[in-house]
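Hello,

Please find the structure below, followed by notes on what turned up in it. Could you read the notes with the model open beside them?

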Amino acid sequence: QVQLVESGGGLVQAGGSLRLSCAASGSIFIFNFMGWYRQVPGKQRELVARITSGGSITYADSVKGRFTISRDNAKNTMYLQMNSLKPEDTGVYYCNLVRGAEYWGQGTQVTVSS
């Protein structure tokens, strides 16, 4: 069983930066996929960035060049550095881990004002 806890969300002006953290209760050294998803009211949860166990990284086209996903195995923590934020980046950001089963965090709100 893995528990994921996100932090780092908040209110920021357009052009600003935030760094989200996802702390895992257990080791994240072994996993299939880890990633960040975003959801806004009335829309499906969408992939923002994902990293595989082999280190391959995928970004949504809308965040390429602005967001960076990374992980620190020693701290059992995954990060999402978000720069040049836009109002359309607003949403609840969820941490996701797939290791056989799929696990989700509770989400953290990111609001970007124009």
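A salt bridge here is a side-chain nitrogen of Lys or Arg within 4 Å of a carboxyl oxygen of Asp or Glu. The model is predicted, so local features need pLDDT of at least 70 and side-chain atom pairs count only at pLDDT 80 or more, while totals for chains, interfaces and linings use all residues. Residues are numbered from 1 along each chain as its sequence is written, and side-chain values use heavy atoms, with hydrogens and water left out.

Salt bridges

By the salt-bridge rule, the count comes to four. The side chains of R66 and D89 form one of them, with 2.8 Å from N to O. This pair joins distant parts of the chain: R66 is in the loop between β6 (57-59) and β7 (67-72), D89 is in the loop between β8 and β9, and 23 residues separate them. Strands are DSSP runs of E with at least two residues, numbered from the N terminus.

D89 also forms a salt bridge with R38, where the closest N and O atoms are 3.2 Å apart. Here too distant parts of the chain are linked, since R38 lies in strand β4 (residues 33-39) and D89 in the loop between β8 (77-82) and β9 (91-99), 51 residues apart. R38 has a further partner in E46, with the closest N and O atoms at 3.0 Å. Together, R38, E46, R66 and D89 are linked in a network of salt bridges.

Are these residues buried or exposed? Buried means under 20% relative accessible area, exposed means over 50%, and partly exposed is in between (1.4 Å probe, protein chains only). D89 is at 1% relative accessibility and therefore counts as buried. R38 is buried at 5%, and R66 is buried at 11%. E46 has a relative accessible area of 40%, so E46 is partly exposed.

Around L20

L20 is located in strand β3 (residues 18-24). L20 counts as buried because its relative accessibility is 0%. Which residues does L20 touch, leaving aside those up to four places away in sequence? With contact meaning heavy atoms within 4.5 Å, they are S7, G8, G9, W36, M78, Y79, L80, M82, Y93, T108 and V110. W36 is 16 residues from L20 along the chain, and their C-alpha atoms are separated by 9.4 Å.

Regards

How values were computed. Helices (H or I, at least four residues) and strands (E, at least two) are DSSP runs, numbered from the N terminus.
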